[in-house]
Amino acid sequence: MAQQPLPPVVARMWGREATPRHGPRPSLDLGRIVDAAIRIADREGLEGVTMSSVANEVGMATMSLYRYVGSKDELLTVMADAAVPEPPVLDGQPWRDYLTVWTRANRDFLLARPWLLALGQHTPPAGPRALRWLDRALAALAGTGLGHGERLNIVTTLTGYATRQASLAHALNGAAGAISGLADYGRVLAEVVDPDGYPELAAALRANAFGDAEQWIDDADFTFGLDLLLDGIQALVARQGAAGGVTGSGR
């Protein structure tokens, strides 16, 4: 069977694109163009990233960009990978310790660059940096006795949790307006929630379940949810160990 060619944008991200032997030498490279696009997104949000705005940022004609990137969609795909930091170093940590750090770091870079949340909905990870995040998390689980499919599902679940937490924080911060922080939110709800119609929610409000945090997302809430997920993974590892003789020690 003939080998299928890589999609152009994937070839560009991995440096697999054939380079022309003739013609003038390019005055820029894809990296500089993507860096310019990221600067615009950091300043103005994703809506500020257009082919013309990027061309202006690097000081070239808009049509000249197409020598380096085939379309705006391709540019956004490369941005989604280039804007991600390197994953935490594994360095022999037990899987649970590493995945705690890994998931928190995943959430934090999305909080720092919320425009990545919009890109992630349309661009599955295919670039070298995003795939290093996937590889390191899989490596952390390598000694658990779990199969490759189980490990992939775990990493996908943790990625979804980090993304959801970052999305929630961004949405609430953007919609703050007259309500600022969890404590204020709880006070507002307490004024409008009818105990007859919402008995459990009203009880939670009376118990101050939303807490006293001045920020929308309390880090303790993030840790609580993450621990629930990790406890489930620990139980799965223990079951696999009981069935196959592999210990579920957390390594």
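Over which residues does pLDDT stay under 50? The stretch is 245–251, for which the model has 21 contacts (heavy atoms within 4.5 Å) beyond four places in sequence. Here pLDDT is the predictor's confidence in each residue, from 0 to 100. Where pLDDT is low, the predicted coordinates should not be read in detail. For the protein, the mean pLDDT is 85, and 84% of residues reach 70 or more.

This is a predicted model, in which local features need pLDDT of at least 70, side-chain atom pairs count only at pLDDT 80 or more, and totals for chains, interfaces and linings use all residues. Residues are numbered from 1 along each chain as its sequence is written, and side-chain values use heavy atoms, with hydrogens and water left out.

**Helix packing**

The axes of helix 2 (residues 30–44) and helix 4 come within 10 Å and cross at roughly 80°. The two helices are therefore roughly perpendicular to each other, a class that covers angles of 65 to 115 degrees. Helix 2 contributes L30, I33, V34, A37, I38 and A41 to the contact, while helix 4 contributes L75, V78, M79 and A82. By class, this contact has 10 nonpolar residues, no polar and no charged ones; Ala, Val, Leu, Ile, Met, Phe, Trp, Tyr, Cys and Pro count as nonpolar, Asp, Glu, Lys and Arg as charged, and the others, Gly among them, as polar. Helices are DSSP runs (H or I, at least four residues), numbered from the N terminus.

**Salt bridges**

The whole structure holds 11 salt bridges, each a side-chain nitrogen of Lys or Arg within 4 Å of a carboxyl oxygen of Asp or Glu.

| Pair | N to O distance |
|---|---|
| R12 and E74 | 2.3 Å |
| E86 and R129 | 3.3 Å |
| R96 and D231 | 2.7 Å |

R96 lies in helix 5 and D231 in helix 11, so this pair ties together parts that are 135 residues apart in sequence. D231 is partly exposed at 42% relative accessibility; buried means under 20% relative accessible area, exposed over 50%, and partly exposed in between (1.4 Å probe, protein chains only). R12 is buried at 16%, and E74 is likewise buried at 16%.

**Positive phi angles**

Most residues other than glycine have a negative phi. D91, however, has a positive phi near 50°. D91 lies in the loop between helix 4 (72–82) and helix 5 (95–112), and is exposed at 68% relative accessibility. N208 has a positive phi of about 60°. N208 belongs to the loop between helix 10 (199–206) and helix 11 (219–244), where N208 is partly exposed at 39%.

Definitions and conventions. Axes fitted to C-alpha atoms, helices over the stretch in contact; angles between N-to-C directions. Parallel < 35°, antiparallel > 145°, perpendicular 65-115°, else oblique.
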